[in-house]
Amino acid sequence: MDARNTPEIAVQGIAASPGIAHGQVLRHIQCDLELPVYQVKPEQRAAEQERFDRALLATRQQIQRIKAEVEKNLGADEARIFDAHLLVLEDQALIGETEREFETGSINIEACFDKVAKRYIKAFSEIDDEYLRERAGDIRDVAQRVLQNLLGRVEQTLSNFEGNRVIVANDISPSETVGMDRNKVLAVITDSGSRTSHAVIVARTLRVPAVVGTRDLTKRIVDGDWVLVDGYDGAVILNPSEQTLFRYGKIQVKRRNIEQRLLEASRLPSVTLDGAGVMLRANIERTDEMEQVRSYSAKGVGLFRTEFLYLQGNRIPSEEEQFQIYKAAAEFFGDESVTIRTLDLGGDKPMPGNPGMFSHEANPFLGMRAIRFCLEHEHLFRDQLRAILRASAFGKVLLMYPMISGPEELDRANEILDECRVELRGRGVAFDEKMPVGTMIEIPSAAMLSDILAAKSDFFSIGTNDLIQYMLAIDRGNERIAHLYEPAHPAVLRMLRHIVEQAHQAGIKVCVCGEMAGDPRYVPLLLGLGVDELSMAGSLIPAVKFLIRAMNMADAKSLVAEALKQNKTAKIKALCNAFYTARMTEK
Ligand code: PEP
Ligand code: MG
């Protein structure tokens with residue numbers, strides 16, 4: 001056995017993605033590249049120039065190595081992007097200007113390079129030409145590498161390590177999670193975060209066990225320590241003893257049996273005992289999840305989080321690239337609809353190293369995020385809208401806007417969409433003229449204006465992750481207040497009731513695509529409120545469907561009636577738990 005003779009230590013975190021894993025730790029400490037700025041003495045100038053040349057050479061070798069690896073694993077087409085990166089290193093303007101900046105001033109070379117690179121990135125990202133705009137992403141990637149080499153930082157990603165490891169991080173970004181090598185990462189533990197932080201949502205989709213909110217664990221462990229991770233209960237056990245490993249081995253077998261039973265049941269119709277059908281769709285972040293969500297019998301996609309296409313390569317995909325991806329999804333699901341959400345960058349999903357687009361914000365969740373970002377960077381928004389419209393000719397595509405706060409934003413987004421339609425018609429490009437366009441309700445102001453927004457929307461999709469965060473003023477990524485994040489809060493319940501009532505009065509359907517929809521304890525509340533569809537990580541569908549098949553819709557309505565009489569969260573939670581437990585043990 002792997003356990004060592006050191007004492008076992010148990011740490012309680014927040015269960016974030018189910019599964020049990022046992023393995024050795026790889027610490028992943030994120031730190032921003034803090035750029036030193038200092039004066040260089042005349043006698044040190046030659047050495048400084050040499051340092052720059054060495055960093056450029058090291059960067060070239062790194063890129064060539066990555067290119068060869070990508071070519072081997074994914075093919076020549078995918079590797080081509082690195083040719084563009086190599087060209088950046090040869091760019092006489094960028095390199096030459098850095099050297100001129102260094103010669104005329106007296107500050108260190110990394111500060112000069114950073115200044116020039118930022119100027120170029122900004123200039124390129126504002127050009128109204130798709131090809132040239134993409135160059136901004138290439139320059140940004142390469143600049144980051146050059147700076148890392150200048151500062152002597154070893155690049156650490158979640159795919160370039162040896163063997164299988166449990167990643168223990170202070171924090172982990174959504175782009176790092178999405179780039180994780182599933183075959184090497186046994187589990188993820190983070191000091192910060194909560195069940196609804198985006199990195200965790202991705203981990204769940206990838207079926208990587210995860211525990212978050214372990215506070216200072218990264219300070220208490222070292223690389224190579226043995227750790228057991230229980231993503232069901234949120235326990236992390238350092239140096240697990242033989243007995244503990246044996247106990248968890250038994251738990252794992254039991255869990256696997258349950259999961260197998262749920263999976264088998266998930267092939268059966270999604271109907272309550274009293275005959276009400278419930279549409280269960282999947283949330284996806286990447287198209288390579290499509291096969292997997294189909295295996296869970298998802299009826300299409302209720303939320304395609306497109307920002308991960310941007311985060312994955314830390315570059316802005318072109319209209320054509322996006323079109324190919326959305327088209328593939330539309331074709332894959334055929335008659336089952338695919339709801340594509342327009343870009344929701346910002347908040348806990350900034351694109352690192354994009355100085356022209358993302359600057360430091362004191363409150364990113366209240367900042368330049370989602371539709372606000374798109375309306376500010378209209379050319380990016382138009383590229384995406386055209387790509388979605390074009391894909392709509394190949395299947396059943398729906399489009400929805402995230403983070404709408406009121407009718408002005410919705411009207412402006414729809415105006416731009418209309419202009420894209422006119423443009424495509426003019427070019428004779430086919431698209432679905434009747435493609436439904438929906439609004440995400442995830443800001444309290446939008447919820448309050450549900451009647452007004454419903455009149456302008458083909459459907460609503462409630463993003464409970466954000467709606468709860470903004471209603472209760474609980475940062476969804478902050479582990480210190482994660483225990484206060486309450487889907488069963490009476491205010492949340494009333495707000496949900498209001499949204500569903502207004503939507504139904506306007507004759508449109510309501511989907512819930514936040515994590516609440518995938519939690520079997522809260523599903524009866526949502527269904528009893530009249531929510532028409534639920535969308536969740538594919539892996540959560542079996543448990544939700546199992547419950548749906550064990551309950552009556554009439555009972556769910558009674559549960560809601562009872563819950564609405566309560567004025568305390570704990571009472572509502574107790575009602576939900578009792579409802580759930582009774583159905584799960586009756587079966
Ligand atoms: C939500 O807020 O509930 C939602 C589905 O969107 P996201 O989690 O991507 O913010
Ligand atoms: Mg949201």
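In which helix do E48 and R51 both lie, and how many residues apart? Both residues belong to helix α1 (residues 45-74), where they are three residues apart, about one turn of the helix; helices (H or I, at least four residues) and strands (E, at least two) are DSSP runs numbered from the N terminus. The side chains of E48 and R51 form a salt bridge with an N to O distance of 3.0 Å. A salt bridge is defined as a side-chain nitrogen of Lys or Arg within 4 Å of a carboxyl oxygen of Asp or Glu, and the structure holds 37 of them.

The model is predicted, so local features need pLDDT of at least 70 and side-chain atom pairs count only at pLDDT 80 or more, while totals for chains, interfaces and linings use all residues. Residues are numbered from 1 along each chain as its sequence is written, chains are lettered from A and ligands numbered from 1 in the order in which they are written, and side-chain values use heavy atoms, with hydrogens and water left out.

The domain assignment, whose bounds come from an automatic or database source, gives domain 1 (3-30 + 157-240), domain 2 (42-151) and domain 3 (270-439 + 513-586). The centres of domain 1 and domain 3, taken over C-alpha atoms, are 27 Å apart. Their contact (heavy atoms within 4.5 Å) takes 13 residues from domain 1 and 16 residues from domain 3. Buried area is the accessible area (1.4 Å probe) that two parts lose on being put together, summed over both; between domain 1 and domain 3 this comes to about 1,400 Å², with 58% given by carbon and sulfur atoms. V178, H198 and T205 supply 41% of the area that domain 1 buries against domain 3, more than any other three residues.

One salt bridge is counted between domain 1 and domain 3. R204 pairs with E515 in a salt bridge whose closest N and O atoms are 2.4 Å apart. On the side of domain 1 that touches domain 3, α7 (174-178) and α8 (198-205) each supply at least two residues, and α8 gives the largest share, five residues.

Around ligand 1 there are 17 residues, of which H198, R305, R341, N465 and R476 come nearest; a residue is counted as near if one of its heavy atoms lies within 4 Å. A polar side-chain atom of H198 is 2.8 Å from an oxygen atom of ligand 1. For N465, a backbone N or O atom lies 2.8 Å from an oxygen atom of the ligand.

Methods
A polar contact is a pair of N or O atoms within 3.5 Å; within protein, one must be able to donate a hydrogen and the other to accept it, and residues adjacent in sequence count only if both atoms are side-chain atoms.
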